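Welcome! Please take a moment to look over the chain below, and then we will walk through it together.

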Amino acid sequence: MARWRWRRTSLGGEADRAAFRALHNASLASPALREGLTSASAERSVGHLRALLGTPAAGLGDTSGLLAWDGLGAHHRSQLATTISQVAETGRTMIVDERTLVCDDGGCQVTQAIVTPLVVEDTLVGALVVGAPHTTGGLVRAADEVASWVSGQLELAELDLSRTRLMEAEVRALRAQISPHFIYNSLGAIASFVRTDPDRARELLLEFADFTRYSFRRHGEYTTLAEELRSVERYLLLEQARFGDRLQVTLQVAPEVLPVAVPFLCIQPLVENAVRHGLEASADKADGIGRLSITARDHDQECVIEVEDDGTGEDPERVRQALAGDASMDSVGLGNVDARLRNAYGDDYGLVVETAPGAGTKVIVRVPKFAPGVQV
């Protein structure tokens, strides 16, 4: 009979345990620093930085002074303001001794301090302060390394902010592309029912209000597929009020994909293109009908959404130009949606367009059910 003996695993020697502690403290400080250098983020991270350095005190400041302090010697904070300003101007690490850190407490463990700059994209944004009984070459090097790591986290925060600003600008641009003719024609269609069918006019007016409220909302990069499709449904109700039986829509959605997070306004522009192109071809058909189908299905770890019309189709080269962001192409937001999908999920998740002249168009959107940093 085989016998198994459970043994408690070890982190190894003291060097291994020290490395683990350092990594652990760095991981605890990182989330706050990724929010940028503010009083709140400094307060939340400075304690972990002090633990990482193993010193009695540590502080974080911007170019105007200290934002947060942790550990002993808090009474020295005001004495360090001038040094922080000098470091911000020169970009060089400075050591402060007893002549600056004047103290009546004979037992004070913070008699010297290292002040080292924080740099983001070649711009000095603040300083890391390390307080200790005395400074050594090793401690200075450690302070410089930690300051370099903090600068890296702050630079990532700046990149995140730039990305957020870019996404917001792209959504604003997409909103500006929502056809003014659609708004005008929708209101005209609603007005046509005021006398003949006031109940329907009232319902359509409410749908129009909900559609515009959703399209022009100002919060959140992402929404659920359910919310996005609900807005698409409102759009199609308004279009069908205009075109009647000339526009036929088929919608098939798997319930399990409705909670999936998707970029805001990523489906509606595709549907608007499909309606436009489908109706363009309907006049040449024997039955005069433009057909549109929207499907959303569950596929392993992904949600697959397809928007297809039986319209005129398009030259694939023109589609490539539209996906590249060519504003001269008659395609509402195709390049915008493609860019936002790639920014959110990576280049493997760009739009796939299947089309040819006279063959209609199918646009395929794939999104992962779960992705880091993507949440409603």
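How many helices and strands does the secondary structure of the chain come to? The answer is ten helices and twelve strands, where helices (H or I, at least four residues) and strands (E, at least two) are DSSP runs numbered from the N terminus. This is a predicted model, in which local features need pLDDT of at least 70 and side-chain atom pairs count only at pLDDT 80 or more, while totals for chains, interfaces and linings use all residues. Residues are numbered from 1 along each chain as its sequence is written, and side-chain values use heavy atoms, with hydrogens and water left out.

**The chain as a whole**

- Of the 376 residues, 44% count as buried; buried means under 20% relative accessible area, exposed over 50%, and partly exposed in between (1.4 Å probe, protein chains only).
- Among contacts (heavy atoms within 4.5 Å) with a separation of 6 or more, 64% are between residues 24 or more positions apart.

**Helix α3 and its cover**

- Helix α3 spans residues 81–90, and its T83, I84, V87 and A88 are buried.
- These residues lie on the same side of α3, because they cover an arc of only 140° around the axis; the arc is that of the directions from the helix axis to the C-beta atoms.
- T82 and E89 are exposed on the other side of α3.
- The cover over the buried residues of α3 includes strands β1 (57–62), β2 (65–71), β3 (94–96), β4 (112–120) and β5 (123–132).
- After α3 comes G91, with a positive phi near 75°.

**Strand β1 and its partners**

- Strand β1 is largely enclosed by the rest of the structure, because five of its six residues are buried.
- β1 runs antiparallel to β2, and six bridges join them; two strands pair if DSSP finds at least two bridges between them.
- Two residues sit between β1 and β2, which form a hairpin.
- G59 has W69 in β2 as its bridge partner.
- β1 is also joined to β5 by six bridges, again antiparallel, and here L60 stands opposite L128.

**Nonpolar cores**

- A nonpolar core is a set of buried Ala, Val, Leu, Ile, Met, Phe, Trp, Tyr and Cys residues joined through side-chain atoms within 4.5 Å.
- The largest one has 50 residues, and I267, V271 and Y345 have the most contacts inside it.
- Helix α7 (residues 225–243) gives this core its largest share, eight residues.
- A second, separate core has 23 residues, including L67, L128, V130 and A147.

**Salt bridges**

- There are 18 salt bridges, each being a side-chain nitrogen of Lys or Arg within 4 Å of a carboxyl oxygen of Asp or Glu.
- E227 and R230 form one of them, with their closest N and O atoms 2.7 Å apart; both lie in helix α7, three residues apart, about one turn of the helix.
- R342 and D338 also meet in a salt bridge (2.9 Å, N to O), and both belong to helix α10 (residues 334–345).
- Is D338 buried or exposed? D338 is buried, because its relative accessible area is 5%, whereas R342 counts as partly exposed at 31%.
- D310 and R291 meet through their side chains at 3.6 Å, N to O.
- This pair links distant parts of the chain, with D310 in the loop between β10 (302–309) and α9 (316–323) and R291 in strand β9 (residues 290–299).
- A network of salt bridges links E207, D210, R213 and R234.
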